[in-house]
Amino acid sequence: QAKVNAAYRVLGNEEKRRGYRAFLLLQFEISGVRRPGIDLDAEIALKRGEKALRARRLAEAVTSFREAVDRNPKEPEYLSMLAFASLLDPVLPRGQRAEEAKKAAKRALALAPDHARSLSVLALAEELRGHTADARRLVLDTLRVHPNDEVAKAVLHRLNRVKK
């Protein structure tokens, strides 16, 4: 009970919760799990976007990922999540969703040329544009470089369900 109460005191207070998140991010940097210089507000926006995406609040997810990218445009993961959310953006017409996703994925790939999630989103954008064969080729190339990537495997599974 004492540990639960202590956790509630920290996590129930916005300022203390922010300090705890900063501490956790610093631990990730020190251990080498993440690159140095993580922007706490960008990470919070990323998590908010992921939560909105899971809840199918798609416009909110796009806004949150855009905020994360604005705070740290050099992080390929933020760009790839924005690209994925752009594929589902309810505000944009279908063709424009594919173009927005492709643009964000290419920005991520300019930072990290073998970023698996970005390559997978690029494949999904190609599928949305009606280029299923190109999408399949792109995701197969991704799996050659990242054979255990679950996102790329899921994209390939989706593409294989599409009529050839």
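Helices here are DSSP runs of H or I with at least four residues, strands are E runs of at least two, and both are numbered from the N terminus. With that in place, hello everyone, and let's read the protein chain along its sequence: the pattern is α-α-α-α-α-α-α-α-α. That is nine helices and zero strands.

A word on the source before we go on. This is a predicted model, where local features need pLDDT of at least 70 and side-chain atom pairs count only at pLDDT 80 or more, while totals for chains, interfaces and linings use all residues. Residues are numbered from 1 along each chain as its sequence is written, and side-chain values use heavy atoms, with hydrogens and water left out.

Now the overall picture. Taken along the principal axes, the C-alpha atoms of the protein chain fill a box of roughly 60 × 35 × 30 Å. Of the 164 residues in the protein chain, 41% are buried; buried means under 20% relative accessible area, exposed means over 50%, and partly exposed is in between, with a 1.4 Å probe and protein chains only. I will also talk about contacts, meaning heavy atoms within 4.5 Å. If we take contacts between residues at least 6 apart in sequence, 47% of them join residues at least 24 apart.

On to the core. By nonpolar core I mean a set of buried Ala, Val, Leu, Ile, Met, Phe, Trp, Tyr and Cys residues joined through side-chain atoms within 4.5 Å. The largest one has 39 residues, and those with the most contacts inside it are L53, F65, L87 and V139. Which helices supply at least two residues each? They are α3, α4, α5 (76-88), α6 (94-111), α7, α8 (132-145) and α9 (150-161). As general background, nonpolar side chains tend to be buried together in soluble globular proteins. Looking at F65, and not counting residues up to four places away in sequence, we find that F65 touches L46, G49, E50, L53, M81, L82 and A85.

Next, helix packing, starting with α4 and α5. For the geometry, axes are lines fitted to C-alpha atoms, for helices over the stretch in contact, and angles run from 0 to 180 degrees between N-to-C directions. The axes of α4 and α5 are 9 Å apart, and the angle is about 155°. Angles under 35 degrees count as roughly parallel, over 145 as roughly antiparallel, 65 to 115 as roughly perpendicular, and the rest as oblique. So α4 and α5 are roughly antiparallel to each other. On the α4 side, L58, V62, F65, R66, A68 and V69 meet Y78, L79, M81, L82, A85, S86 and L88 of α5. By class, that contact has eleven nonpolar, one polar and one charged residues. The classes are simple: Ala, Val, Leu, Ile, Met, Phe, Trp, Tyr, Cys and Pro are nonpolar, Asp, Glu, Lys and Arg are charged, and the others, Gly among them, are polar.

V69 lies in α4, residues 58-71, and counts as buried because its relative accessibility is 4%. Leaving aside neighbours within four places in sequence, V69 is in contact with Y78, L79, L82 and R107. V69 and M81 are twelve residues apart along the chain, and their C-alpha atoms are separated by 9.4 Å.

Moving along, α5 and α6 pack at an angle of about 170°, with axes 8 Å apart. That makes α5 roughly antiparallel to α6. Among the residues making the contact are P76, L79, S80 and L87 of α5, with R97, E100, R107 and L111 of α6. The class count for this contact is twelve nonpolar, two polar and three charged residues.

Then α6 and α7: their axes come within 9 Å and cross at roughly 155°. These two are therefore roughly antiparallel to each other as well. By class, the contact of α6 with α7 has ten nonpolar, one polar and five charged residues.

S118 sits in helix α7, residues 116-128, and touches P76, S80, A105, A108 and L109, not counting residues up to four places away in sequence.

One last stop: R56, in the loop between α3 (40-54) and α4. R56 is a residue other than glycine with a positive phi, near 65°. At 55% relative accessibility, R56 counts as exposed.
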